[in-house]
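Colleague: I have a structure open and would like to go through it with you. Shall we take it in short questions?

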Number of protein chains: 2
Amino acid sequence: MRHEQNPGYVHGYDAAEQARLHDQATTLEALLHHDSHFPDGGTVLEAGSGVGAQTIPLLRRNPGVALTCLDIAPSSLAAAQERIRAAGLPLPVFRQGDLRALPFGDAAFDHAFVCFVLEHLPDPGAALAEMRRVVRPGGSLTVIEGDHGSVLFHPEDPRARAAIACQVALQRAAGGDPEIGRRLVPLLRRADFSDIRVSPRLVHADGSRPALAEGFVRRTFAAMVAGIRDEALRAGLAEPAAFDAGIAALHRTAEPDGCFCYTFFKATARVPVG
Amino acid sequence: MRHEQNPGYVHGYDAAEQARLHDQATTLEALLHHDSHFPDGGTVLEAGSGVGAQTIPLLRRNPGVALTCLDIAPSSLAAAQERIRAAGLPLPVFRQGDLRALPFGDAAFDHAFVCFVLEHLPDPGAALAEMRRVVRPGGSLTVIEGDHGSVLFHPEDPRARAAIACQVALQRAAGGDPEIGRRLVPLLRRADFSDIRVSPRLVHADGSRPALAEGFVRRTFAAMVAGIRDEALRAGLAEPAAFDAGIAALHRTAEPDGCFCYTFFKATARVPVG
């Protein structure tokens, strides 16, 4: 089914990847979504909803909105549907389609939401322009993206840095930008949004937060980098032993005397009126 | 008077540096100190109080404590006294002395506070051991430090990174560690503190926060790096034109479409009872 999906999605689509996305969403939910609220009765588009990892917190926090989930991959939409049903939440409308040419009329939604998606797009500005088109004047856009350049850890280790650099290189080669978080303001400005506000969300794990060290450092970040091992080796970006040492060094930062920080960027903006 | 001061203090002691420290303290005060509270009636040691940049927010927030400020440089203690008097705040006790051999008896204080100091010490563990000695069992230590490895900005620019690297190299050559923030947990563990909690404080400046872009990016961070220009050139770490281009690139990140993030680490810990 790979051909139905976005071939440039560096993380792939297998079951382990879906479990990783789910763990990540659970661990980070409060940090990223405590303020993901939309007014009751509003229509909301989640663009690039994937397997529903962010859809579930959106639905939990916004029982009064009419949510539409769009993704290019039918298998992801099916997985999201299953996951949302399993969570006992009401199903949103699912729609297959391309972010660069949204299958909706102008001003069709009150709000749009996009999370961990722009980082994978060769032209995030085109997707933002489409979201601006389908949101009514006065409506809002919420964007959440990471930035791999924000990674800070102890003990420092060049092998860990090299493994992360493999991920960055692969994502860039696929046309994405894993350091897009810091660029949200200029991207939103260029797409003619107004009232742009960015709020960084720093995830910090250390010996005083063992659950986060496990849930975020080991099972989310290190697992994400480990997930591109084969592709990195095939691309000649790393030798197997060096790459594995880098993953081990990332796990080392989750020990009680270690430290790991990662910063997500959450932006809100409005479609100007008139 | 340089010989009376800490010769390893990379930022120097001149008036511009004092103004910079004051601007930094004002801009960052809420972020770093909103929870710098000590119980009324307690005795608090500020170790390495310098020119009083952190003393003023401490005094403002804790009118009911008996504060003692210790620094190795008499000129800094004099500057702090003048600044605190000008701010209309009650004067703390000033004491000249060395962090490695505090001129106080065991358990002399209820609490100790140290901010932007450990990063300059060749042996921060020795200073922590001394603070542990002079705080009573059950009393607390608060530590605030930066981490230059946390710097994240847009537009990315290797010349800006190179200028920052000069600062890091000089501070390391003087025996300090400008990336100490991420190491607070292991440092405090090794010094036998308990109940260690670390809370990162991310400063984020972008086009939606022009005051912070001015106050933190230009007048604090870029000014700090610019302040080591002569020393970096003398040490052969940079060419003048390249260094100046790096400073300009840092200022560029404070433009409306730029972004600049820096993370401070605030730790609290207790001296174990019994």
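**Cavity, cores and chain contacts**

Modeller: The second largest cavity has a volume of about 70 Å³. A cavity is a set of points on a 1 Å grid over the protein atoms alone where a 1.4 Å probe fits but cannot get out, and lining residues have an atom within 4 Å of a point. Grid points are joined across faces, edges and corners, and the volume is the space filled by probe spheres set on them. This is a predicted model: local features need pLDDT of at least 70, side-chain atom pairs count only at pLDDT 80 or more, and totals for chains, interfaces and linings use all residues. Residues are numbered from 1 along each chain as its sequence is written, chains are lettered from A and ligands numbered from 1 in the order in which they are written, and side-chain values use heavy atoms, without hydrogens and water.

Colleague: Which elements give two or more residues to the lining of the second largest cavity?

Modeller: The lining includes Leu152(A), Cys261(A), Leu152(B) and Cys261(B). Helices (H or I, at least four residues) and strands (E, at least two) are DSSP runs, numbered from the N terminus. The elements asked for are strand 8 (259-270) of chain A and strand 8 (259-270) of chain B.

Colleague: Which residues touch the most other members of the largest nonpolar core?

Modeller: A nonpolar core is a set of buried Ala, Val, Leu, Ile, Met, Phe, Trp, Tyr and Cys residues joined through side-chain atoms within 4.5 Å. Buried means under 20% relative accessible area, exposed over 50%, partly exposed in between (1.4 Å probe, protein chains only). The largest core has 72 residues, and the answer is Leu128(A), Met131(A), Leu128(B) and Met131(B).

Colleague: How much area do chain B and chain A bury between them?

Modeller: In chain B, 28 residues are in contact (heavy atoms within 4.5 Å) with 28 residues of chain A. Buried area is the accessible area (1.4 Å probe) that two parts lose on being put together, summed over both. Carbon and sulfur atoms carry 61% of it, and the total is about 2,300 Å².

Colleague: Is Phe116(A) buried or exposed?

Modeller: Phe116(A) sits in the loop between strand 4 (109-115) and helix 4 (124-134) of chain A. Its phi is positive, about 60°, although it is not a glycine. Its relative accessible area is 13%, so Phe116(A) is buried.

Colleague: Which residue does a cis peptide bond join to His154(B)?

Modeller: Omega of this bond is about 0°.

Conventions:
On a 1 Å grid over the protein atoms alone, a cavity is a set of points where a 1.4 Å probe fits but cannot get out, and a pocket is an open set with protein on both sides within 12 Å along at least five of seven lines; lining residues have an atom within 4 Å of a point.
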